Amino acid sequence: MIPYWSLWAFFFLGVMLSQRHSAPEWQTPQDRHQYPGALSATDGPGLSIIAVIGLIGMTLMIGLRYDVGGDWETYEFMFKRAGFRTLDQTLLRGDPGYEFLNWLGQQVGADVWLVNLVCGAITV
């Protein structure tokens, strides 16, 4: 449980210690010099290096977990089952995207962690 609380604390502290503030809705480009560091609605959702490290860490925690959760055996069964099917048969079972990842993992000789890692990256 400590890794999950640590991950939560990492992002919580990042939000609390953030130095950037949202700009007022009425701010014009000419008024921008009055609010240094403020973000306007046209600014992109820039990510700091700390946020990127946190997102990579979260992806790795999701992807590299092993035998975690009450449904682990079900996912492991689905992964193993994909090794005995053709791609056509696989895509007709359940969620085609997830089943394809299982089938692909079997084809490259990986384990269920590869499917979890890809799903974790998509989720994050």
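This is a predicted model: local features need pLDDT of at least 70, side-chain atom pairs count only at pLDDT 80 or more; totals for chains, interfaces and linings use all residues.
Let me begin with the two helices. In general, a packed pair of helices is described by the angle between the axes together with the distance between those axes. Here the pair is helix 3, which covers residues 72-82, and helix 5, which covers residues 96-107, and they pack at an angle of about 60° with their axes 8 Å apart. Because of that angle, helix 3 is oblique to helix 5, and the crossing of the two is right-handed.

Which residues meet there? From helix 3 come Tyr75, Met78, Phe79, Lys80, Arg81 and Ala82, and they meet Tyr98, Glu99, Asn102, Trp103, Gly105 and Gln106 in helix 5.

Glu99 lies in helix 5 and Arg81 in helix 3, so the pair ties together parts that are 18 residues apart in sequence. A search of the whole structure finds one salt bridge. Is Glu99 buried or exposed? Its relative accessibility is 3%, so Glu99 counts as buried, the cut-off being under 20%.

Finally, I turn to Trp113, which is found in helix 6, residues 112-123. With a relative accessibility of 38%, Trp113 counts as partly exposed. Leaving aside residues up to four places away in sequence, Trp113 touches Gly63 and Leu64. Trp113 and Tyr66 are 47 residues apart in sequence, while their C-alpha atoms are 7.2 Å apart in space.

Note on methods:
Residues are numbered from 1 along each chain as its sequence is written. Side-chain values use heavy atoms; hydrogens and water are left out. Helices (H or I, at least four residues) and strands (E, at least two) are DSSP runs, numbered from the N terminus. Buried means under 20% relative accessible area, exposed over 50%, partly exposed in between (1.4 Å probe, protein chains only). Contact means heavy atoms within 4.5 Å. Axes are lines fitted to C-alpha atoms, for helices over the stretch in contact, and angles run from 0 to 180 degrees between N-to-C directions. Angles under 35 degrees count as roughly parallel, over 145 as roughly antiparallel, 65 to 115 as roughly perpendicular and the rest as oblique. A crossing is left-handed if the near helix is turned anticlockwise from the far one by less than a right angle, and right-handed if clockwise. A salt bridge is a side-chain nitrogen of Lys or Arg within 4 Å of a carboxyl oxygen of Asp or Glu.
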